[in-house]
2 protein chains.
Amino acid sequence: MFEAAELGHAISKADYKIEVPKLREQLLDAQFELGEKKPFPVVVIISGIDGAGKGETVNTLNFWMDPRNIHAHAMGDPSDEEQERPAMWRFWRKLPPKGAIGFFFGSWYSHPMRQHIEGGKSRDYLDSYLEDFLRFERMLADEGALILKFWLHLSKDALKDRLKDLEGDKATKWRVTKTDWDRYEHHDDLMPVAEHVLRRTSTGHAPWIVVESGDEKYRNLTVAKTILKAIKARLADDAKPTPASVPVVALDQSDDVNLLTALDYTKALSKKDYKNQLEYYQGKLNKLFRSKKFHDRSVVLVFEGNDAAGKGGAIRRVIGAMDSRFYDIHPIAAPSDEEKVQPYLWRFWRHMPGQGKTAIFDRSWYGRVLVERVEGYCAQADWLRAYGEINDFEEEMARHGVIVCKFWLSITADEQLTRFNEREATGYKRFKLTDEDWRNRDKWDEYAHAVCDMVERTSTEIAPWTLVEANSKYYARIKVLKTLCKRLESEL
Amino acid sequence: MFEAAELGHAISKADYKIEVPKLREQLLDAQFELGEKKPFPVVVIISGIDGAGKGETVNTLNFWMDPRNIHAHAMGDPSDEEQERPAMWRFWRKLPPKGAIGFFFGSWYSHPMRQHIEGGKSRDYLDSYLEDFLRFERMLADEGALILKFWLHLSKDALKDRLKDLEGDKATKWRVTKTDWDRYEHHDDLMPVAEHVLRRTSTGHAPWIVVESGDEKYRNLTVAKTILKAIKARLADDAKPTPASVPVVALDQSDDVNLLTALDYTKALSKKDYKNQLEYYQGKLNKLFRSKKFHDRSVVLVFEGNDAAGKGGAIRRVIGAMDSRFYDIHPIAAPSDEEKVQPYLWRFWRHMPGQGKTAIFDRSWYGRVLVERVEGYCAQADWLRAYGEINDFEEEMARHGVIVCKFWLSITADEQLTRFNEREATGYKRFKLTDEDWRNRDKWDEYAHAVCDMVERTSTEIAPWTLVEANSKYYARIKVLKTLCKRLESEL
């Protein structure tokens, strides 16, 4: 795999002098188009042998291009805010918005590779990460990102030459440390692992590009030209990144029974029972949240449900058992303009709770497979891939120790009508019914269908859905509290 | 000061039961109006005696109100990301946007008060902070925030009773720690300091409100009613928070000499001298940025100047000496919608660099006293107060060890015309001239006037302006590099 990068590629000073001005002109034009014409994010990983000139290459690109929408991320040790959250959080928070270019030194690949080579972790350990990265990059590409992964290569001999050259020059001597010579010694250990990783994770939409890096001029030109070509190709490609529709194979069932119609909506609680149980479960929940075992965990609660199903009331009973300093509620409405220039899940990742904290989502990432699907706000291909992306997202949280609890509050169409009418009668402005509420109601069956698909595809052992019969508000609130208590007990 | 809060205020259970439902109704209505009618941020500090029930009060309010746009912030020890930045950064990042309510436990007052009482710091030390806080709150109020500062009070005896009560109940025993009893012992030390702080920092726009807290029901009702009344009063007040214009007393000078006309625009450099000096100063700058002394410092660079003065080119020469992993360039254009619902300076605070990092602003917070002033984008009162706010902002940075360097790149009107014409001739899209460029040019004198005012009012010893004669690009770039080198040398 690295043979082609050990051929001694080099560019003469004269050629470089001719090539660079032309290339810069083109890079600047491409960058301008990227920002103006149809912005997409450009994610560039700069990886490879330590000492191959990763920093120099990006510095040169910053000088050649317009550096104002280029961001380079060193990604050294995670900060404590980053350590408290799932591993991918620190990359999500640095993702370039549409129109910008993000260079990642030390990308998501660095940690598991180092753990395998230096930390004694198995090949299986490494591979399980690779699988996740493939899915992550697939998602980024589907969201419109252009992804390029560079591996700057030096043979062991070439590395030795380069380190000696650097040491020999007074101006660069400081850059060579003992770590560099240690890594030189381990060159032979790294190469087979690197080859394995590159082979397994080079895809059409996120290819690895190996660049021989012994000659600075060749390296700079090659990386820059590759980026230029990729941006220009994407700019020229007027096709939408995702097809508007793909054939869906769905179960063609012969009766009307589904997860929602099968619920027993007559379940109810008397006011007295409700009061007693509310006190009991809130007390229990309060103790669980105060448990020492919870100090290095966190909780993500998702509340979805029909309009007027009582999400707000259920949330209020849950927080009734909590300390306001340790939770935050995120009502999900239309995305802000900063959210619109990022991949879909970005707006949820940004609210990832730290240790000992709880994030409560009043509506959530499931909007994509509910309202966006039914109302046609996104292409079919986009909501179809969302199931898998959501499962990955929740798995990533679960792996870090985040307890993910999801509630669907379900009421019957009749009960909803009663509540709508009540709301109209009360006249409180804050309960005003919008035309949208009535419109959603007209699509009852389509929403029901979407909910059933959602539960079927995203109720997992690590992040199960709880369907809550919510015609009785009392019953629903207690079921939510009880479920949450059980879940925390089993997790802590 | 605390006498009125030691009278044994209490509410009977019966009265509470009657009052609460009415109050909740009104709170919810006010909150709805706050979000819909004319959103402003509500900043609430919950301070006072430990054990007075700060957490309980906010929990109760969260239950009574719509908790979805209430955010409570514990503000415990700062994270490492927070420690790397000026002290107020952690409060800025938690400020509630317009329409939301933010509760701060442990506000900006906590740290200097504790340092004074427990850390042996002098009264002068404390007072210097108070002065800053007054200015900070003045700024928040001017930006439209409603600010309420509660001090939950308990007399020493009442505190003793409460701690004993809590200890006596199995359900609340865990809440009383040794720290609480230690603080009880120091009650007498705290009170005079608290009185001093409250007296010095209670203002019309950010008043302290002392609430007797021995009786939970009285405390909850009183805090809630006070908040309700304040929000309702502001909602009813249709006057603009700042007057559109205030009389400006300005120097009425009798000649045309000013800071800009006094510059010598014939200063220039030959290409050869430029190349030599560029190499020299970039090498020097590179060494300075790599200095160990820089590891716990950070740099903020501001580039302002006439259109086509060569800001971009100067920035590129500066970063030519830097490692892309340690700087970020922030081009400042129109604010995003998330920025629009925050105080003016929020969008710059969010880019505060961490340790060892540099933030480069291509245009900056000075937009307020330049383009916004000249084009009438903000009220006169707003840009007039901006000078002081900006000085405070930069002082806050300087105090933390951030090196703030500001450049005004100045060209003559003739030179600008030449460059505009050149740009039109090249036809590169990325250099396209907009109508705005020509419009700005028509207001040359007004801009010049604004620049002179700006330099006069914001060029300080801790954050001086450097006026750069930029008719010669070579000369300008070298002057920027040279100035920056000198500044870093003197600071490190």
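Trainee: How many residues does helix 16 of chain A have, and what span does it reach?
Mentor: Compare the span with the one expected at 1.5 Å a residue. In this predicted model, helix 16 (residues 380–400) of chain A has 21 residues and reaches 31 Å from first C-alpha to last, close to the expected 30 Å.

Trainee: Where does helix 16 of chain A bend?
Mentor: At A:Ala386, by about 30°. A:Ala386 is also buried. Other buried residues of this helix include A:Trp383, A:Ile390, A:Phe393 and A:Met397, along with the acidic A:Asp382, A:Glu389, A:Glu394 and A:Glu396.

Trainee: What do the buried residues of helix 16 of chain A pack against?
Mentor: Helix 6 (123–142), strand 6 (298–305), helix 15 (371–374), strand 9 (402–410) and helix 19 (444–458), in chain A.

Trainee: Which residue just after helix 16 of chain A takes a positive phi?
Mentor: A:Gly401, at about 100°.

Trainee: Now the sheet. What is the order of its strands in chain A?
Mentor: The order is 7-8-6-9-10, in an open sheet of 5 strands with parallel pairing. Strand 7 (327–331) and strand 10 (465–469) of chain A each have a single partner strand, so one side of each lacks a neighbour in the sheet. The twist averages 20° from one strand to the next.

Trainee: Which strands does helix 12 of chain A touch?
Mentor: Helix 12 (residues 311–319) packs on the sheet, touching strands 6, 7, 8 (358–362) and 9 of chain A. Its direction makes about 155° with that of strand 6 of chain A.

Methods:
Residues are numbered from 1 along each chain as its sequence is written. Chains are lettered from A and ligands numbered from 1 in the order in which they are written. This is a predicted model: local features need pLDDT of at least 70, side-chain atom pairs count only at pLDDT 80 or more; totals for chains, interfaces and linings use all residues. Helices (H or I, at least four residues) and strands (E, at least two) are DSSP runs, numbered from the N terminus. The expected span of a helix is 1.5 Å times one less than its number of residues. The bend at a residue is the angle between axes fitted to the seven residues ending there and the seven starting there. A residue is buried if 20 or more other C-beta atoms lie within 10 Å of its own, exposed if 12 or fewer, and partly exposed in between; C-beta atoms are placed from the backbone. Two residues are in contact if their C-beta atoms, placed from the backbone, lie within 7 Å. Two strands pair if DSSP finds at least two bridges between them. Axes are lines fitted to C-alpha atoms, for helices over the stretch in contact, and angles run from 0 to 180 degrees between N-to-C directions.
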